[in-house]
Amino acid sequence: MRRWTPEEDEVLRQCGRMGAAACRRALRAELGAKRSVKAVQHRASRIGVSLFEHATCPMCGRTVRRAKPSGLCARCDGLVRAEARKRRM
Ligand SMILES: [Zn+2]
């Protein structure tokens with residue numbers, strides 16, 4: 001198996017939070033490197049990159065597994081909705 005280059009590691013660090021499949025696509029698109037999802041997962045854990053798919057809430061800065069369609073975490077999304085309801089009344 002071909003060694004991972006520093007450039008490839010860098011792509012993993014940048015794309016890790018989008019998941020292994022996204023890393024794989026990015027490696028291919030940016031460097032022309034063909035890696036399997038399994039290889040990506042392996043390398044990521046090796047260099048300490050988390051492939052956990054998550055989002056950062058722009059309102060409270062919390063990291064959540066999945067943001068609401070508004071881009072906010074569940075808590076802030078609820079707050080914003082409650083606030084909007086109050087304004088309509
Ligand atoms: Zn939030």
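**Core, helix packing and domains**

The largest nonpolar core consists of nine residues: Val11, Leu12, Cys15, Ala20, Cys23, Leu27, Val40, Ala44 and Val49. Helices α1 (6-15), α2 (20-31) and α3 (37-46) are the elements that each give two or more residues to this core. A nonpolar core here is a set of buried Ala, Val, Leu, Ile, Met, Phe, Trp, Tyr and Cys residues joined through C-beta atoms within 7 Å. Buried means 20 or more other C-beta atoms within 10 Å of the residue's own, exposed 12 or fewer, and partly exposed in between, with C-beta atoms placed from the backbone. Helices are DSSP runs (H or I, at least four residues), numbered from the N terminus.

The model is predicted; local features need pLDDT of at least 70 and side-chain atom pairs pLDDT 80 or more, while totals for chains, interfaces and linings use all residues. Residues are numbered from 1 along each chain as its sequence is written.

Leaving aside residues up to four places away in sequence, Val11 touches Cys23, Ala26, Leu27, Glu30 and Leu31. Contact requires C-beta atoms, placed from the backbone, within 7 Å.

The axes of α2 and α3 lie 9 Å apart, at an angle of about 100°. The two helices are therefore roughly perpendicular (65 to 115 degrees). Ala20, Ala21, Cys23 and Arg24 of α2 meet Val37, Val40 and Gln41 of α3. Axes are lines fitted to C-alpha atoms over the stretch in contact, and angles run from 0 to 180 degrees between N-to-C directions.

Domain 1 covers 6-46 and domain 2 covers 55-88, with bounds from an automatic or database assignment. Their centres, taken over C-alpha atoms, are 30 Å apart. Of the 15 residues of α4, one is buried, so α4 lies largely in the open.

Technical notes: Two residues are in contact if their C-beta atoms, placed from the backbone, lie within 7 Å. Angles under 35 degrees count as roughly parallel, over 145 as roughly antiparallel, 65 to 115 as roughly perpendicular and the rest as oblique.
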